[in-house]
Amino acid sequence: ANCDFNRSDAAEPIPSSGVLDLTYKSDDYTCGFNTQLVEGEDATMKFNFLQTLTTSIAAGVEATYDTGKASAHASFGARYSGADFLASTNYSIQQGSPNHQIQCHYLKQVDPKVSLAASLVCVPKTKVANVSLGYVFNLQTAKVSAKMDSTWKMHATVEEHIAPGFSLLFSGMLDHVKEDYKFGVGLQVGQ
């Protein structure tokens, strides 16, 4: 539980807020509840449950309820993992929206330094789908990752470890359809 009480008559008033986060972990399942209360806003509640079915298979559900809008969002999913791969699928529904979403993800560790990934997100009602392919190379002093999707967007990041706890980041985003290009550089402190 976390609470932040503020005075409304302060020079720069900040609303009071509170968070309640409960998690129970068992040998073969985990369940949790979270609610956030902000002064002047409606509460949001979240519930999640994950059940381990075998050493490789787990299934779960997550639900969110917005008390102000009286709307709910639910997501059902499962994952299958092996020694060098992870596959997952998810079905998501929003109350009042016919655009339910299906997601499928696959990650394969080729060797200790290289991982490949594929992702499919589709909305059957609108017949919209997006496929993404990506990779991660963990080199001795750097990490290179990139992703390209079916809308011709490309993202790439190079993380160079310059000292313990310090990394120099270079990133780029290319949207070939909109002819929009963004590049950035940054310094990361900490792990």
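Reply: In the hairpin of E5 and E6, which has four residues between the strands, alanine 70 takes a positive phi near 50°. Strands here are DSSP runs of E with at least two residues, numbered from the N terminus, and two strands pair if DSSP finds at least two bridges between them. This is a predicted model, in which local features need pLDDT of at least 70 and side-chain atom pairs count only at pLDDT 80 or more, while totals for chains, interfaces and linings use all residues. Residues are numbered from 1 along each chain as its sequence is written, and side-chain values use heavy atoms, with hydrogens and water left out.

Me: Where does alanine 70 lie, and is alanine 70 buried, exposed or partly exposed?

Reply: Alanine 70 is placed in the loop between strand E5 (57-66) and strand E6 (71-81). Buried means under 20% relative accessible area, exposed over 50%, and partly exposed in between, with a 1.4 Å probe and protein chains only; alanine 70, at 40% relative accessibility, therefore counts as partly exposed.

Me: Which loop holds glutamate 179, and what is its phi?

Reply: Glutamate 179 lies in the loop between strand E13 (166-175) and strand E14 (180-189), and its phi is near 50°, a positive value in a residue other than glycine. With a relative accessible area of 63%, glutamate 179 is exposed.

Me: How many bridges join E5 to E6, and how many join strand E4 to E5?

Reply: Ten bridges join E5 to E6, which run antiparallel, and valine 61 stands opposite phenylalanine 76 in E6. Strand E4 (residues 44-52) is joined to E5 by nine bridges, again in an antiparallel arrangement, with glutamine 51 having alanine 59 in E5 as its bridge partner. A hairpin through four residues joins E4 to E5.

Me: How is a pocket found, and which strands supply the lining of the largest pocket?

Reply: Rolling a probe the size of a water molecule over the atoms shows where empty space is left. A pocket is an open set of points, on a 1 Å grid over the protein atoms alone, where a 1.4 Å probe fits, with protein on both sides within 12 Å along at least five of seven lines; lining residues have an atom within 4 Å of a point. The largest pocket is lined by 17 residues, of which Leu50, Gly60, Gly77, Ala78 and Asn90 lie nearest its centre. E4, E5, E6 and strand E7 (85-94) each supply at least two residues of that lining.
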